[in-house]
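Please consider the model shown below.

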Number of protein chains: 2
Amino acid sequence: MIIDTHGHYTTVPPGVRIFRALQISNMGRPKKTPVAVSDDEIRASLEKGQIKLLDERGIDLMLFSPMASGMGHHFGSAVISRHWTEINNDLIHRVCTLYPNRFAGVCALPQSPGVSPRDCIEELRRCILELGFVGCNVNPDPSGGYWTDPPLGDHWWYPLYEVLTELDVPAMIHASATCNPAFHTTGSHYLNVDATAFMQLMESRVFQDFPRLRLIITHGGGNLAYQAARYRALCIMNKWEPFETFVRRLAFDSTLYSPEAMELLVKVVGVDNVLFASEMLGGVNATDPATGRSFDDNKPYLDALAWLTDADRTKIFEGNALRVYPRLCPIVERVRR
Amino acid sequence: MIIDTHGHYTTVPPGVRIFRALQISNMGRPKKTPVAVSDDEIRASLEKGQIKLLDERGIDLMLFSPMASGMGHHFGSAVISRHWTEINNDLIHRVCTLYPNRFAGVCALPQSPGVSPRDCIEELRRCILELGFVGCNVNPDPSGGYWTDPPLGDHWWYPLYEVLTELDVPAMIHASATCNPAFHTTGSHYLNVDATAFMQLMESRVFQDFPRLRLIITHGGGNLAYQAARYRALCIMNKWEPFETFVRRLAFDSTLYSPEAMELLVKVVGVDNVLFASEMLGGVNATDPATGRSFDDNKPYLDALAWLTDADRTKIFEGNALRVYPRLCPIVERVRR
């Protein structure tokens, strides 16, 4: 089975954008207005896009979460973020109910700058326990590019780690949009967040304090495999756990779009720690003139790694995802039947 | 000739740190106190470190600039930054005077958050025209990790670009320390700054407006070669100049510490756009257990690229540096004699 662990609902029907627009109108007195989206609109938003591409590319199942840049945690306030997050998670639930064999739900969290991650726990529990989601996304910089919250190694985040461990679900580290003109959302902020989160964790005690916590760093870790020697050196200079040991405490997704980068990722972090992922439809929605295929049609780069064994491929395309997202197991078993 | 284009004076004698410490004491009434550093102290600070390593590694000449993290543009005020920058640039001038065949000067600029880069021009002119320096370092984020200044594509930076073009000197893009707890200075902030600067320039009109401007992105471009396909896709999606064309408007230095990363850099940006550099003694001051050599002893990774021709090697080790830093030419001619 081929599982794509990283897809966002980037093609939401207009009713969702209308809800968001009204959040600006109602900023002074936030309210959760109804969201007018029919099942037919949801079907139309997916069948010509994600589902068609999953079929064409031989991908069985996609982990599906709310649009990442669209969550915009920097906007408004904690209550505005909560309303917006809830309606987006509910929408993902509707997608997974309509297409139970193609999508498994991953929730967004109602983060807000300066607000304790503890305030996200209620929504996390709702999504995992009531909606049957298998994981969540966490934004390490809810300020959207001003980096005003504590790093991931700070006790600030520990209440969230406790509940992730209790529920046995992982968190995928993923930025939302930036509101800082220094950054380009998908071109620099996303990648900076990946690399920064990796470094925050590497210099932290998080995995000593939460040995069962599972975190996924997206986009191949930002710069991870390219700068691995620098990270190795920092571990030695600072007497941290060796890089080779630390890196295996994390999972990295394969949302990279060149054969060289893909090979470097698998070599540096190892076949046990790579999750196949395309982020389709996401940041690289164009045809690569070098291949004639979409940039995000990246499974062929893994297929082409001749030194991978069949067992390695099973790990990258399926086994690692089931280990990192154990709540995915019954869904996969049902799909298989 | 082997030219290392990226070294910082990280081993400054104590008198320099004493000056810096007094800047805190005198914050309310900044003054430029005398710096007590003898020529013997300068010699001692270099001969067992950088010069010994240049000799051991067969490097003829190093472009030498003030310590990068130590510049701390976020501290104090514009006048405090100016005093500190001047004494550091003067110190580099003394190094180059003591060792005219081993070091060529690259200056720091007296940047300060929210202060126009125009205010750096006087010091830039002094260093180039009076001290014989060949280039400068520019910090795209003087706030030290809060990213409060406009991006490099903004007209905010244009007065500096005008003078760089007029003086025919390049700028090496290089962060200073971060004061934001989200970041690790050498492990995340430096690399984020490299990648962010690249993206700021790629979505800008800077090279249309300053076709003769030359900028160097350090540390292999942060994530550049690893994420090249994402950047290629963004150029296509946004109808920007093709990535392959844009990337050749910049130079990238080879401060990477693994053979795979080095090869990927040269392949992606081309042999005409790589400057050999080690950043010695800098961010990776340790022995690599995999090789038994220092991490920053990275020339062997370029030597080992069997597909490079002799002409390619001459470019990477010498020719590209002379093209990007034309004021280096008379210095190199003198060293040769």
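The contact between the two chains draws 55 residues from chain A and 55 residues from chain B, where contact means heavy atoms within 4.5 Å. This is a predicted model, in which local features need pLDDT of at least 70 and side-chain atom pairs count only at pLDDT 80 or more, while totals for chains, interfaces and linings use all residues. Residues are numbered from 1 along each chain as its sequence is written, chains are lettered from A in the order in which they are written, and side-chain values use heavy atoms, with hydrogens and water left out.

The size of an interface is often given as the accessible area lost when the parts come together. Chain A and chain B bury about 4300 Å² between them, and carbon and sulfur atoms give 62% of that area; buried area is the accessible area (1.4 Å probe) lost on putting two parts together, summed over both. Of the area that chain A buries against chain B, H184(A), Y226(A) and R230(A) supply 19%, more than any other three residues.

Four salt bridges are found across the interface of chain A and chain B, a salt bridge being a side-chain nitrogen of Lys or Arg within 4 Å of a carboxyl oxygen of Asp or Glu. The side chains of R232(A) and D288(B) form a salt bridge, at 2.8 Å from N to O.

On the side of chain A that touches chain B, the elements giving two or more residues are α7 (185–202), α9 (228–237) and α11 (259–269) of chain A; helices are DSSP runs (H or I, at least four residues), numbered from the N terminus. The most comes from α7(A), with ten residues.

Over all chains, the count of salt bridges comes to 44. Within chain A, R82(A) and E86(A) meet through their side chains in a salt bridge of 3.4 Å, N to O. Because R82(A) and E86(A) are four residues apart in helix α4 (residues 78–98) of chain A, about one helical turn separates them.

In chain B, helix α2 (residues 39–47) packs against helix α4 (residues 78–98) at an angle of about 80 degrees, with the axes 11 Å apart. Axes are lines fitted to C-alpha atoms, for helices over the stretch in contact, and angles run from 0 to 180 degrees between N-to-C directions. The angle therefore makes α2(B) roughly perpendicular to α4(B), a class that spans 65 to 115 degrees. D39(B), I42(B), R43(B) and L46(B) of α2(B) make the contact with L91(B), R94(B), V95(B) and L98(B) of α4(B).

Technical notes. Angles under 35 degrees count as roughly parallel, over 145 as roughly antiparallel, 65 to 115 as roughly perpendicular and the rest as oblique.
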